[in-house]
Amino acid sequence: MSQFWKAWQKRKDTLQEKGLKDHANKSMESVSDLRLTTSVDENISLIEYQLGKSDDLVVRRFQVKSGKDAAIIFLDGMVDRNIISDFIIRHMTNPNSTYDDPATNEMDSTDGLRQVIRNILSGSAVLMIQGSSNAFLNNTRGWDRRSVEEPQTESVVRGPRDGFCETLCVNSALIRFRLKDPNLRVRHMVVGQRTQTDIYVMYIEGLAHPPMVQEILSRIERLNMDSVLESGYIEQMIQDRRWSPFPQIQNTERPDKVVANLLEGKVGILVDGTPFGLIAPAVISQFYQSPEDYYERFYIATLIRFIRVISISIALLLPSLYIAFSAFHPEMIPSRLVIAMAAGRSTVPFPSLIEALFMELAIEILREASVRLPGPIGPTIGIVGALVVGEAAVSAGLVSPVMVIIVAVTTIGSFASPSYSAAIAIRMLRFPVMLLAGMFGLYGIMLFLIVILIHLSSLKSFGVPYMTPLSPLNLSGMKDLFIRAPHHLLNKRPTMFHVQDKIRMREEENKE
Amino acid sequence: MENQQRNISTWQLTSILISTMIGVGILTIPRTSTTDIHQMGWLGTITGGMIAAIAIASIVYLGKQFPGTTYVDYIPKVFGHRVGTVLSYPIILLFIFFQFINAGMAARGFGEVVVTSVLQDTPLEAILITLFIMVLFLCCHEVEVVARVNELLIPFILVPVFLIPLASFMNADWYNLLPFHIDSWKEVGKTSLHTFSVFTGYELLMFYFAFAMPGAKLGIAGGTGLGYTIAAYFLTVVAGISVFGHEELQRLIWPTLELVKTTQQSGWFLERLESAFLAIWVASVFTTIGNMYYAMIFSLRLWFRQGIRFQRISALVITVPLYYFALMPQNIVELFSYTKKMTKFGYFPTIVIPILLALIQWIRVKLGSRRENSKKGGT
């Protein structure tokens with residue numbers, strides 16, 4: 001019975017794979033699916049017609065050693081010319097050679113025009129020989145690529161320094177290099193009618209929940225867009241709730257983070273042309289967890305997590321708390337502080353809400369401008385903007401000194417989150433809280449928090465509730481939520497992602 | 001309806017129970033429980049809780065008898081097919097109406113506290129409208145979201161509720177609790193019927209038990225939830241009596257709020273805590289009103305066998321009468337007399353009906369098993 005079941009499963013899998021492959025071909029619909037002919041000249045004119053006689057299309061004609069006419073077609077700049085000259089042309093024209101096909105390491109042959117066009121566009125050199133309707137597709141891709149560098153947005157003190165780059169195969173190799181598991185599965189898909197972007201969906205078979213993997217694959221498959229220029233396109237199209245301010249798929253530049261998440265039974269998505277990979281499903285812990293937490297000793301890792309949680313709350317709430325306290329509940333502030341604050345505010349002509357909005361807006365402008373500024377003058381402008389304008393605004397009586405401190409702490413707090421795109425949500429939500437605090441004081445802040453909490457509870461990322469393991473309460477997940485338990489206690493995988501192999505390490509062998 | 005998703009865990013049920021019961025009542029309970037039996041008022045919370053315990057036990061029994069069904073669906077089954085369908089209409093209506101007025105009164109009570117103690121310049125209407133908008137937003141979601149929101153907010157409810165009595169014990173005069181003596185047991189009974197009103201909200205379990213995941217322990221959820229609530233009320237009343245004495249308590253509108261005011265901690269970061277307490281307490285009031293209103297709207301949805309769209313629209317429509325109802329009492333004195341009337345009306349849906357239903361069902365099961373036994377004997 002189980003034999004039969006396995007055979008059935010296998011058949012289903014192959015059918016599914018076939019379906020996915022068919023889909024990849026389907027998006028080249030504008031090219032008519034003709035067969036190639038046996039004449040080289042006819043084939044060349046067919047290809048040239050389909051590509052509109054683009055001037056970067058290179059056609060190199062030569063004769064193979066048997067005297068037949070042959071031609072290589074490729075796009076200029078997308079191929080490694082050395083491979084073509086050494087292993088195709090020189091090899092095929094060498095009279096001593098005994099082989100009839102080129103000596104490239106990755107080769108395929110086809111007689112379909114559509115596939116030929118697709119391969120030329122993605123950097124292959126297509127070799128055609130007179131008298132054969134089969135074209136050789138040689139993988140000669142080789143354009144200038146950025147080398148593996150340290151990630152810009154997620155730097156760590158301790159941990160690997162390599163980050164993803166723009167080339168898909170390098171990125172997937174960075175993951176394979178860390179995870180030599182034979183069960184690591186990579187599914188290739190092509191999205192974007194015009195951009196024909198390659199996408200790798202990676203997961204570990206036997207860990208990832210099969211329905212979840214299927215759901216992710218089918219959502220990507222169903223995408224019908226003409227371009228994918230960055231993984232953000234995929235992220236925003238396949239997430240569960242498109243109107244939510246919270247990212248429901250995590251993005252990262254770090255291969256070690258992807259590997260760690262694959263090992264928790266999640267799914268990684270790599271997109272060609274961008275150093276940002278995606279991890280699904282994502283839960284609330286993405287806001288303050290960093291791979292570094294697992295590399296350092298657990299005391300400091302736990303402490304740092306607490307600091308991140310505090311700084312995120314500061315980034316969200318501090319300006320509105322200032323508004324609420326100074327406008328509605330001054331009795332709560334210690335009396336000496338309230339006198340000092342009143343003295344500082346005595347020259348300020350605006351209510352505290354306007355004051356706070358004005359300063360927060362100023363700091364957002366400064367932040368956005370400093371991203372755009374050319375490298376060397378960035379810090380200079382930062383100093384001018386933050387120090388000079390802040391100091392001058394206080395002495396001009398536009399804002400109170402306390403407000404400057406609050407804005408500074410808020411801004412720094414928002415950058416303590418290891419995930420930039422998660423912190424964006426927090427930075428954005430700061431403004432509605434400030435408005436509500438200006439209207440209702442602490443009651444308004446609480447109103448807003450409850451509404452956000454309802455929204456967060458209703459969010460799901462590929463079937464996993466966003467607030468897990470806080471709610472629904474998952475005790476096995478709590479060990480790695482705010483505290484990072486020592487590794488020997490994390491011997492089981494968190495169950496909230498429905499992992500199939502729950503054991504991470506056998507305890508007996510790791511006893512001290 | 002059987003095809004509803006059943007995914008509320010035991011802990012979520014417990015938190016729904018606690019957060020529904022602890023609401024506006026905790027602000028007044030030190031006063032209401034000491035009116036008749038004076039320094040022994042803390043006894044009222046326990047005896048009131050015992051009454052609730054009987055009702056909760058019968059609701060748990062019903063929930064176990066009809067897993068996956070709400071009261072809307074099982075009331076007809078309890079009474080039998082034909083009679084039950086006819087009888088169930090007034091009972092369901094009664095339930096829905098009770099949830100309506102309970103939610104309205106809770107909202108009004110909360111608005112009254114906020115307007116008089118913290119936001120003096122804000123109109124009551126603004127507080128009510130914002131509160132109802134929050135509740136409406138909750139009603140746009142499925143039941144599992146309600147369960148998760150309760151689960152997430154339960155620390156905001158439990159921590160202040162236990163912290164404030166404990167902190168105010170610093171100002172306690174323990175002689176206020178003496179003597180341990182009861183004048184008349186009749187007064188105790190009267191008080192426990194009064195204080196029982198602060199436990200209302202548990203009848204929602206007749207609704208929320210239907211969504212418990214298979215294998216969830218309903219009895220444990222009911223027991224722990226009630227236990228925590230009784231403990232919270234008990235501590236609050238003891239703190240109230242020991243700090244103020246029962247005579248002074250009668251002159252305080254919201255004794256628990258006064259308790260917060262007495263626990264000033266100079267040298268801490270915050271000087272006075274009542275605004276913070278009220279802000280955190282919003283969570284507790286919101287869960288009370290939200291759970292009640294949600295159960296009411298969802299019952300309507302089940303009753304008319306409609307989908308989520310009906311739920312959203314009816315939630316929006318019914319907010320309007322709820323808003324007017326909440327504004328009906330002209331002042332705080334009238335509000336308290338309304339609450340008293342509501343308590344008396346509430347005995348029927350919260351005690352009588354659950355116990356009656358459980359009894360009938362119990363007899364039914366007994367008769368049924370006897371009939372089965374006789375059948376077995378026959379063959």
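Mentor: Quick ground rule before we dig in: two strands count as paired if DSSP finds at least two bridges between them. Keep in mind, too, that this is a predicted model. With that rule, five strands of chain A make an open sheet, ordered β6-β7-β9-β10-β8, and their pairing is antiparallel. Ignoring direction, neighbouring strands here are turned by 25° against each other on average.

Now zoom in on β7 (residues 197-204) and β9 (residues 267-271) of chain A: they run antiparallel and are joined by four bridges. Within this region, A:I199 stands opposite A:V271 of β9(A).

Then come the helices. Helix α5 (residues 168-178) of chain A packs on the sheet, with contacts to β6, β7, β9 and β10 (277-280) of chain A, and its direction makes about 10° with that of β7(A). Helix α6 (residues 210-222) of chain A also lies across β6, β7, β9 and β10 of chain A, but it runs at about 175° to β7(A).

Last stop, the nonpolar core. The largest one has 199 residues, and A:V267, A:I445, B:Y208 and B:I289 touch the most other members. Its top contributor is helix α13 (residues 274-303) of chain B, which gives 17 residues. From chain A, domain 2 (168-282) and domain 3 (294-465) each supply at least three residues to this core.

Technical notes
Residues are numbered from 1 along each chain as its sequence is written. Chains are lettered from A and ligands numbered from 1 in the order in which they are written. This is a predicted model: local features need pLDDT of at least 70, side-chain atom pairs count only at pLDDT 80 or more; totals for chains, interfaces and linings use all residues. A nonpolar core is a set of buried Ala, Val, Leu, Ile, Met, Phe, Trp, Tyr and Cys residues joined through C-beta atoms within 7 Å. A residue is buried if 20 or more other C-beta atoms lie within 10 Å of its own, exposed if 12 or fewer, and partly exposed in between; C-beta atoms are placed from the backbone. Helices (H or I, at least four residues) and strands (E, at least two) are DSSP runs, numbered from the N terminus. Domain bounds come from an automatic or database domain assignment. Axes are lines fitted to C-alpha atoms, for helices over the stretch in contact, and angles run from 0 to 180 degrees between N-to-C directions. Two residues are in contact if their C-beta atoms, placed from the backbone, lie within 7 Å.
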